[in-house]
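Open the structure in your viewer and keep the selection tool handy. We will go from stop to stop, with a word on what to look for at each.

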Amino acid sequence: MKLEQRKDLLGLRDMSRKEIELILDTAIPMKDVISRDIKKVPALRGKAMVTVFYENSTRTRTSFELAGKYLSADTVNLAVSTSSVQKGESLRDTIKTMEVMGFDLMVIRHAMSGTPHYVAKNTKMRVINAGDGTNEHPTQALLDMYTIKEKKGTLENLKVAIVGDILHSRVARSNIYGLKKFGCEVRVVGPTTLMPPEIEKLGVKSYFSLEEAINGVDVINVLRVQRERQQSGLFPSLDEYARLYMVNTKMLSKAKDDVLILHPGPVNRGVEISSELADSSQALINEQVSNGVAVRMALLFLMMGGARDEINN
Ligand code: CP
């Protein structure tokens with residue numbers, strides 16, 4: 001099976017388990033490429049990609065750019081804050097401009113849910129969703145799943161707790177869609193004001209007690225507290241949030257002994273996760289970042305039709 005048959009990657013909700021497995025399996029040889037002295041293969045020579053981020057990013061944007069370069073694609077970042085977007089250019093015109101320049105693929109992040117879907121419908125370029133509003137962040141979930149599988153040997157039937165602002169989290173949504181396809185028991189926990197009322201329709205169980213939610217779990221995925229939400233009155237203070245929902249070393253006795261701690265970053269130390277736990281060997285925050293490059297290489301390779309024997313050159 002090839003992802004070449006799929007024009008775009010917009011989310012995990014509509015992605016099959018087989019497609020997810022193909023991406024995760026393809027990331028394994030990509031990780032090998034990254035570990036070499038010369039981190040470069042000719043697989044995507046002659047292909048061109050552009051990253052267009054209307055919201056800030058450190059990890060996702062940089063890792064897509066690096067992934068493209070390692071595969072020999074011509075990789076350009078459109079810096080939105082210094083682009084003609086600031087002169088009022090519409091999204092539609094920006095997309096068309098990138099298309100006629102000859103880019104094969106666009107990676108886009110936007111604050112408005114559904115923007116990558118709109119872009120995908122209006123361009124011949126392949127489109128990858130790098131995070132749209134509160135909808136999905138599929139490549140984050142893929143790298144989370146890769147990291148879990150690498151450590152546990154399987155994704156099958158694991159118990160995973162996702163902690164924090166479930167309401168606004170595109171990371172939570174993509175993780176739920178992805179993990180449920182592997183039979184995982186997914187639990188979500190957070191303050192009542194940050195819990196979508198119909199979340200259990202996605203096949204998860206919701207909790208308001210952190211202790212109960214992490215009881216016996218294999219994985220805890222700690223979400224970033226989106227500080228801007230506090231101004232909207234959705235939780236009283238960061239101190240109050242930390243008192244009830246910060247994940248720390250002490251409370252891990254409730255989870256399995258070999259529980260893995262994930263966090264998509266950027267981290268608010270002392271708010272959603274203690275600094276001690278973030279720096280511990282159980283926390284895979286740095287592994288997630290480096291696996292993100294391999295997973296994004298796999299996606300670019302599969303979507304832009306790289307030749308498998310060229311990974312070894
Ligand atoms: N996890 C994540 O999306 O990080 P960035 O916002 O830095 O890309």
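**Starting at a loop**

Select Pro266 to begin: this residue sits in the loop between S9 and helix H10 (275-278). Helices (H or I, at least four residues) and strands (E, at least two) are DSSP runs, numbered from the N terminus. The model is predicted, so local features need pLDDT of at least 70, side-chain atom pairs count only at pLDDT 80 or more, and totals for chains, interfaces and linings use all residues. Residues are numbered from 1 along each chain as its sequence is written, and side-chain values use heavy atoms, leaving out hydrogens and water.

Stay here and look at the peptide bond from Gly265 to Pro266, which is cis, with omega near -5°. Most peptide bonds are trans.

**The sheet**

Now display the open sheet of five strands, ordered S7-S6-S5-S8-S9 with parallel pairing; two strands pair if DSSP finds at least two bridges between them. Strands S7 (205-207) and S9 (260-262) each have a single partner strand, so one side of each is left without a neighbour in the sheet.

Next, select 159-163 and 185-189: these are S5 and S6, paired in the parallel sense over five bridges. Ile162 stands opposite Val188 in S6.

**Ser206**

Move to Ser206 in strand S7. Is Ser206 buried or exposed? Ser206 is buried (under 20% relative accessible area; exposed is over 50%, partly exposed in between, with a 1.4 Å probe and protein chains only), at 18%. Beyond neighbours within four places in sequence, Ser206 is in contact (heavy atoms within 4.5 Å) with Val188, Met195, Ile199 and Glu200.
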